[in-house]
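Let's walk through this structure together, one contact at a time. Keep the view open as you read.

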Amino acid sequence: MNDETKKKINERYERELNKGERFWPDSIFKDLVVSLGIFILLIVLATFVGISPEAKADPSDTSYIPRPEWYFLFLFKFLALYGQIPLLGKIEWIATVAIPGIAIGVLTLLPFIDKSPNRYYGKRVLPISIMAIMVTGIVLLTLLSEVPTVSEDGSKLLGILQAIAGLAIPVITMILLFLMSFVFKQTTTRVMVWTTSLAAVSMILVSGTVLALHPRPVVEETEVAVTLVDQIFAGQDLYSIHCTECHGDDGSVAEIKGVEGLEGEKITPINSHDVLYTITDSAMYEVIAYGRPNAGMTPFGKAYGGELTKSEIDYIVTYIRYMWDDRFEIPAEALKPLFPPLAKGEVPSYEVHIQPIVKRYCISCHRAGKENNNYLMASYEEILTTGDNVANNIIAGDENSSLLQVIQEHEIMNPEKTDEVLIGVMPPNRALKPNIVDVFIRWIMNGMPQTAVEAAELFVAPTATP
Amino acid sequence: MSGSNEISRRDFIKVTTGIVGGLIGVAIGLPSISYLIDPALREGGKDAWLSIGKFEDMQIGTPYPFSFTQVRVNGWERTSSSFGGYAIRKSDDSKGLLILNSRCTHLACTVNWNEEADGFLCPCHDAKFSKDGKVLDGPPPRPLDVYDEFRLSEDGHIEIFFKAG
Amino acid sequence: MWKKAFEWLDERLGLKDIYTNLLDRPEPTGNWWNTLGSASMFLFVMQGLTGIFLTVYYTPSPDHAYDSVQYIMEGVAFGWLIRGIHHWGATLMVIVVFIHLLRVFVTASFKFPRELTWLIGIGLFLATLGMGFTGYLLPWNQKAYWATTVGTQIAGSVPFIGEFILKVLRGGPELSALTLQRFFSAHIWMLPAVLAGLMGIHLFLIIKHGESHFPTKED
């Protein structure tokens, strides 16, 4: 740019300045209005949209599907599409380093590449068209980022369509635009604008097709317990399934009973001060995750072959800490009773009363894969119909039902071999409290109603004594 | 003082400031850079024989997933990282095992065995590997890495030799 | 009486001079598109303020990062609001800065004499993306951890020096406490210092050359 051009530019600017406005108050006013708008928008978003909860980082959970922040999703999709290109697609640094590097390089050095003094849009059709295609491409790649390049059934159709919309059309169009600018110099602005528009529209249409054809993936919502009370409840549920069979529903078991291979094994009760005062949360986490193989405790953490994620073990530790460590005050909300207490004459139902009791005290052993005489208790049907000894287990109205006998500390002997125990006392570690035994008795004596509605119909209110 | 061999005060101060400034810059700069990149210059970890599971649990033809954890010291923290892979038993012989690393050779996401697709799929950029770990589709430049040093231990476990670093 | 107070301050602060040189400047007839620059700066200030408040409760260690963020969300009065503004502010800032870049590109305001302003602006844009990348790891949740694993892996794909770059970013071969710590340091000190410095030069240049006018057929 020579001195004369520079002088012309400066004079032109002087003229614009003189017929313009003032920074204060005109520009600042507009700035303040926009800033206020942004401020309000931020508060609205923070209050009404919020942030979706995520689980704690779990380095051992390699099944998590990584995704970058949204403003890098276009690059993420670009890498996937680039990798589909035969031969060239194998050289990954071209897509991760070279192409983005060149793009940023061109953008940075733009004033030295686009050196002409022209500023009017009409005289800058080439750069504006190229930028339009690139921005359209970036936006579309971002929207397409959730669509896999190869479908589950191996079909490559969606991948090819995406490559067309995201790579082929933009590249071809840009080559065309360059040719029109530098080789076929007679090409009018109109033609170039039409080319760009058609390219952009076709990119949008193909992308739209892909999004329409793409089957909605089943989003697995992982439960994240956010508040302390939620974490305690989550931990309680997990504990009752995985831990109760050896440690008891209240952590007090000192000698394991009723567990295959560990019968009679002596352990320190985990609700004791010995354990709770000396084992920190992280140590407790490691014990649960790694297990105590020498003492018979299998690993529970995913990192060591178990099935619990880091967050799940954290919830169990939180539950143990707040429930049994008397130095910590458990929030009142977390101490809600297992089931609503029964009124005189009220009949319990499976839905409201039996199910939570079974979940807390029985399910740890009486689920698939454990030694339990094949008696499973995960559902109403299972409780009534499964088990090696199902014939005498639950009989409506019969107080000699095996289930009622064993929870009242009477073992059931084998009628054919009178010194063999068929069903031991349940639960093996510690007897149920009388009010819980009472719930079972009432339930079976009144015909095992499943729903609260059915149970309510059986309710005989006590008549007022005269 | 206008003698030809004498420097003016201005020039003397310019030069001295330049030299001293440069020296201070180096004295601060080099240790600072070293401070920042120090962890990148360390080699760490230990080689080890690690159990990946019982040989009898591995069925012929079905990829058997395994994982193990290695603890490495990074700075002041004992970081445990998990690694995983798939062991495919080819025959009755304990030597007939193909043990693949489940790290995708493209950008190190974890691949998962997919029964329907009959291959390992990578969820990051849609790579697909055959049961033998060869690249069928997608950006990976080479097949899945193989743990070729392994042995059958006395108690029936398959152990792989894990190289550190 | 107020006049006297103003005079006293003006003699010592030079308020009238600030007004003449900074505020009472002529500008070409502006347009609402011109507000994008100040909007970016406003967002930067919002992020800085909410960020500073967040560091009152946040701990950058893998043992406590997640729980400290949890505490901010659940335990601290209005913690959810501060973190929420910071979270959404990050997204908005990337969008606003990018649209600002597009506007300057389309009106060719990066040409003589504002080439340096553009160069600084690209630096600001890249630093903003860097802030987003480093900040994303700090909550130490699954999304953060794995996104950073892949992101640093991409940095590691640079030929020859890739592995070295990866180890410098991560503070070792894998993600660890060192990674979280250096990302935190970059996020609250190093990149903000770069941003503030570049912004200072950017503003100086804008005041010196004035806001460019919207081009007409004459340009």
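Two strands pair if DSSP finds at least two bridges between them, where strands (E, at least two residues) and helices (H or I, at least four residues) are DSSP runs, numbered from the N terminus. With that in hand, look at strand S1 of chain A: 2 bridges join S1(A) to strand S1 (residues 26-27) of chain C, and the two run antiparallel. Within this pairing, Arg22(A) stands opposite Pro26(C).

A word on what you are viewing. This is a predicted model, in which local features need pLDDT of at least 70 and side-chain atom pairs count only at pLDDT 80 or more, while totals for chains, interfaces and linings use all residues. Residues are numbered from 1 along each chain as its sequence is written, and chains are lettered from A and ligands numbered from 1 in the order in which they are written. The model scores ipTM 0.93 and pTM 0.85. For chain C, the mean pLDDT (the predictor's confidence in each residue, from 0 to 100) is 93, and 100% of its residues reach 70 or more.

Now widen the view to the whole contact between chains A and C. Chain A brings 58 residues and chain C brings 62, counting two residues as in contact if their C-beta atoms, placed from the backbone, lie within 7 Å. On the chain A side, H2(A) gives the most, with 13 residues. By class, that side has 32 nonpolar, 10 polar and 16 charged residues; here Ala, Val, Leu, Ile, Met, Phe, Trp, Tyr, Cys and Pro count as nonpolar, Asp, Glu, Lys and Arg as charged, and the others, Gly among them, as polar.

Next, the interior. A nonpolar core is a set of buried Ala, Val, Leu, Ile, Met, Phe, Trp, Tyr and Cys residues joined through C-beta atoms within 7 Å, and buried means that 20 or more other C-beta atoms lie within 10 Å of a residue's own. Which residues of the largest core touch the most other members? They are Leu43(C), Met93(C) and Trp140(C), out of 54 residues. Helix H5(C) gives the most to this core, with 11 residues. Leaving aside neighbours within four places in sequence, Leu43(C) is in contact with Ile38(A), Gly89(C), Leu92(C), Met93(C) and Val96(C).

Finally, turn to chain B. Its contact with chain A takes 21 residues from chain B and 22 from chain A. S3(B) gives the most to the chain B side, with 4 residues.

Methods. Buried ≥ 20, exposed ≤ 12 C-beta atoms within 10 Å, placed from the backbone.
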